Amino acid sequence: MKYLIVGLGNIGPEYADTRHNIGFMVLDEMARQDGVKFSMGRHAYHAETSFKGRALHLIKPTTYMNLSGKALNHWMNELKVPVENVLVIVDDLALPLGTLRLKPKGSAAGHNGLKHIELSLGHNNYARLRFGIGDNFPKGRQVDYVLSGFDDDEIPELPALIDRSIEMIKSFTTIGAELTMTRFNK
């Protein structure tokens, strides 16, 4: 059984380790733990790993955040992965840092990466793992906030949150969205 795990982010060193790139950060750590490397593919960096007999295709779109649906669509078709086996890892301003929520579907909630995925798929019935990044920014400074690095007091929390995200990804691929939500969503 195949799964497509899509970590949202922007390519380029100026975006590395920013809040908006938490999807890339989670997949980079998952690949590191599993001893696999990303290689350049069409519209995305791609790595393949496995967990309990399932093939997990990890992609980091190279289309930039606002065109994430292009990469997701290509890889879903290329690998013949049904939408119920797709999981998108995304930063979420509406959740405080430390909050991780798996959702089987939902609105884009103003997130441009999710908006483009929804537009590309024609619906919002795909699972997403929402990684809370908080909303500690002055009015009108949202873009600066998401494109900035984590604060010094937030950085120590990241490894445990990233590890928990990886656990949630693996849980999604074995027991599905509903049971993973019951087990992990607080």
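**View 1. The surroundings of Phe 131 in a predicted model.** Leaving aside neighbours within four places in sequence, Phe 131 is in contact (heavy atoms within 4.5 Å) with residues including Ile 22, Val 26, Val 90, Leu 97, Leu 100, Leu 158, Leu 161 and Ile 162. This is a predicted model, in which local features need pLDDT of at least 70 and side-chain atom pairs count only at pLDDT 80 or more, while totals for chains, interfaces and linings use all residues. Residues are numbered from 1 along each chain as its sequence is written, and side-chain values use heavy atoms, with hydrogens and water left out.

**View 2. The largest nonpolar core.** Within this set of 34 residues, Phe 131 and Ile 169 touch the most other members; such a core joins buried Ala, Val, Leu, Ile, Met, Phe, Trp, Tyr and Cys residues through side-chain atoms within 4.5 Å, where buried means under 20% relative accessible area with a 1.4 Å probe, protein chains only. Helix H5 gives the largest share of this core, nine residues. Helices are DSSP runs of H or I with at least four residues, and strands are runs of E with at least two, numbered from the N terminus.

**View 3. Helix H1 against helix H5.** H1 (residues 22-34) and H5 (residues 158-184) pack at an angle of about 75 degrees with their axes, lines fitted to C-alpha atoms over the stretch in contact, 9 Å apart. H1 is therefore roughly perpendicular to H5 (65 to 115 degrees, on a scale from 0 to 180 between N-to-C directions). Among the residues making the contact are Met 25 and Met 30 of H1, and Ile 166 and Lys 170 of H5.

Notes: Angles under 35 degrees count as roughly parallel, over 145 as roughly antiparallel, 65 to 115 as roughly perpendicular and the rest as oblique. Buried means under 20% relative accessible area, exposed over 50%, partly exposed in between (1.4 Å probe, protein chains only).
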